[in-house]
Structure formats: C-alpha cells, structure tokens
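Visitor: I have a structure open here and would like to go through it. Could you start with the terms I need for the helix packing?
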Amino acid sequence: MQIQSKKIALVTGANKGIGFEVARQLAASGCSVLLGARNRALGEESAATLKREGCDVRYLSINLDDPSNIASAAKHIDADFGYLDILVNNAGIVGQGDGLPSSSSLDAIERAFRVNFLGSVAVTQAMLPLLRKAPSASIVNVSSGLGSLTKSGDPAWTHVAAKFLGYAASKAALNMLTVQLAYELRGTAIKVNSVDPGYTATDLNQHRGTQSIPEGSAEIIRLALLPDDGPTGTFSNAQGMVPW
C-alpha cells in the first residue's frame with residue numbers, strides 16, 4: 001500500500017460528459033482521481049487526456065453491470081491506496097425504449113434499474129469498507145430532477161412532460177439509497193448526498209441540455225469536497241435544495 005497525502009476519489013462513468021469534468025475538477029482541487037469506466041480504451045484515452053493537462057488521474061476498470069468487476073475494482077483501490085475519500089456514483093443510462101408508462105419497454109426499465117440503481121448500490125457496498133478507513137469521506141449520488149416525485153407531479157414544473165419511466169424511477173430509487181444510507185451512517189465521518197446536475201448538454205440527452213457541462217458539474221464538486229461538518233442526506237442542485 002502506498003502512503004498518500006492526497007484525497008483519493010473514484011468517479012464512475014467518467015470517460016465523458018459530467019463524469020469527465022468532475023474527474024478533472026477533483027484533480028484540479030488536489031485529489032488523486034480514479035477515472036472509472038467500463039470501456040478500457042475510452043477510459044484510458046480520457047485519463048491520458050487529463051494527465052496531459054497535469055491532472056493526477058488514472059483509469060480504473062469498473063462496470064456497474066458486473067459484480068465481479070466491481071469487487072475487483074475495490075481490491076485494486078485497497079491494494080494501491082488502502083482507503084477512499086470520495087465516491088461519485090455518476091454512471092447512468094437512459095435505455096432505448098424508455099418513455100411513457102403505457103409504452104416503456106420492460107427491458108429498458110430493467111436495464112435502467114440495473115445500472116442507475118443496483119449498480120450504484122453494488123459500487124457503494126464494495127467501496128464502503130474503504131470509505132470507512134478515510135478520516136472523513138463523501139458519497140455523491142448523481143440523481144436527476146426527474147427522480148423527484150414532487151417535481152414530477154407538479155404540472156407547473158418546467159420538465160413535467162419529460163417522462164422516462166425507467167430512468168426517473170431508477171433515480172428516485174437512487175435518492176432512497178441516499179436517504180437510507182445517510183441514516184445508516186449517521187454518527188460516522190461519511191456524508192451521503194444526492195445531486196440534480198440540471199438539464200446539461202451531454203450524450204444522455206443528445207446535447208439538447210440548456211446548461212454547460214461545467215455548470216452541471218458544479219454542485220457535484222461542492223458536495224464531493226464538503227468539509228467535515230458538511231450536510232448529509234440532502235438532495236440539491238446549483239440553486240439549492242430539491243424536494244424529494
């Protein structure tokens with residue numbers, strides 16, 4: 001095990017989009033960043049790009065749909081560092097065939113849950129022993145405004161017509177992970193929070209989002225780098241608290 005003075009951060013789904021920018025900004029803040037991606041070629045290419053910018057970043061193979069791969073990733077982190085300070089559960093998908101409740105493909109819904117919710121649970125469970133070894137730690141679950149039951153049921157909400165049953169329900173489930181895990185870890189030095197990045201222009205929405213990737217990353221970075229007395233069990237975006 002190497003002795004490290006830097007904070008160690010793992011960002012899943014970090015080879016592009018918001019995850020890539022989060023990895024970049026965490027490295028810029030002084031963290032040693034593990035850029036998690038399931039595709040080795042894309043992950044290594046993205047890590048190399050950040051290294052050329054002077055970032056302390058290395059690729060880590062992690063596939064949210066493969067429990068054995070997740071376990072292997074945790075073993076690699078343990079062997080190399082012995083602990084983990086920051087976990088950003090960023091990886092997520094919108095499955096082809098997802099949409100209105102009356103017509104959504106069951107396969108698309110199941111796929112969304114396997115990656116967006118079950119995959120994030122599996123990664124969190126695998127990394128918790130490492131997070132417990134850090135002096136203080138932060139788990140950030142990258143959710144969505146579509147995962148808010150309150151907003152989704154508000155006819156006046158700007159995005160009320162955006163109905164993707166599998167994606168939204170999986171993000172609502174991810175929020176439940178935040179609430180329950182924050183309760184379970186109360187009294188510890190580990191904080192758990194959900195973030196709605198906002199409607200950000202990424203591959204997920206064919207770059208139709210109305211804000212930039214750095215704008216969508218800002219609240220994730222803030223929560224990842226919370227001070228020891230920071231909040232836990234919250235759901236927020238760049239404007240403030242988001243109703244569950």
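Guide: Contact here means heavy atoms within 4.5 Å. Axes are lines fitted to C-alpha atoms, for helices over the stretch in contact, and angles run from 0 to 180 degrees between N-to-C directions. Please note that this is a predicted model.

Visitor: Good. Which strands does helix α3 lie across?
Guide: Helix α3, residues 67-80, lies across β1, β2 and β3. Its direction is at about 145° to β3.

Visitor: And what does helix α1 lie across?
Guide: Helix α1 (residues 17-28) lies across β1 (8-11), β2 (32-37), β3 and β4 (86-89). The angle between α1 and β1 is about 170°.

Visitor: What is the strand order in the sheet?
Guide: The sheet is open and has 8 strands, in the order β3-β2-β1-β4-β5-β6-β7-β8, with mixed pairing.

Visitor: Which strands stand at the edges?
Guide: Those are β3 (57-61) and β8 (240-241). Each has a single partner strand, so one side of each is left without a neighbour in the sheet.

Visitor: Let us go to β5. How many of its residues are buried?
Guide: In strand β5 (residues 137-142), 6 of its 6 residues are buried. Ala137, Ile139 and Asn141 point one way, while Ser138, Val140 and Val142 point the other way. In a regular strand the side chains alternate between the two faces of the sheet.

Visitor: How many bridges join β4 to β5?
Guide: There are 4 bridges between β4 and β5, and the two strands run parallel. Within that pairing, asparagine 89 has asparagine 141 in β5 as its bridge partner. β4, α4 and β5 also make a right-handed β-α-β unit.

Visitor: What about β5 and β6, how many bridges there?
Guide: β5 and β6 pair over 6 bridges, in the parallel sense. Valine 140 has asparagine 193 in β6 as its bridge partner.

Visitor: Asparagine 193, then: buried or exposed?
Guide: Asparagine 193, in strand β6 (residues 190-195), is buried, because its relative accessibility is 0% and the cut-off for buried is under 20%. Leaving aside residues up to four places away in sequence, the residues that asparagine 193 touches include Ile139, Val140, Asn141, Thr178 and Leu223. Also among them are Pro231, Thr232, Gly233 and Thr234.

Visitor: And how many bridges join β6 to β7?
Guide: 2 bridges join these strands, which run parallel. Valine 195 stands opposite serine 236 in β7.

Visitor: New topic: where is proline 227?
Guide: Proline 227 is in the loop between α7 (213-224) and β7 (235-237). With a relative accessible area of 48%, proline 227 is partly exposed.

Visitor: How many aromatic pairs are found in the whole structure?
Guide: A search of the whole structure finds 2 aromatic pairs. One of them is phenylalanine 113 with phenylalanine 117, edge-to-face, at 6.4 Å centre to centre and with 80° between the planes. Both residues lie in helix α4 (residues 106-132), 4 residues apart, about one turn of the helix.

Visitor: Last one: what lies over the face of tyrosine 183?
Guide: Arginine 186 lies there, at 3.9 Å from the ring centre.

Notes
Residues numbered from 1 in each chain as written. Predicted model: local features only at pLDDT ≥ 70, side-chain atom pairs only at ≥ 80, totals over all residues. Heavy atoms only, no water. Buried < 20%, exposed > 50% of the residue type's maximum accessible area, 1.4 Å probe, protein only. Pairing = 2+ DSSP bridges. Phe/Tyr/Trp six-rings, centres within 6.5 Å; stacked < 30°, edge-to-face > 60°. Lys NZ or Arg CZ within 6 Å of the ring centre and 35° of its normal. Right-handed = clockwise from strand over helix to strand, strands pointing away.
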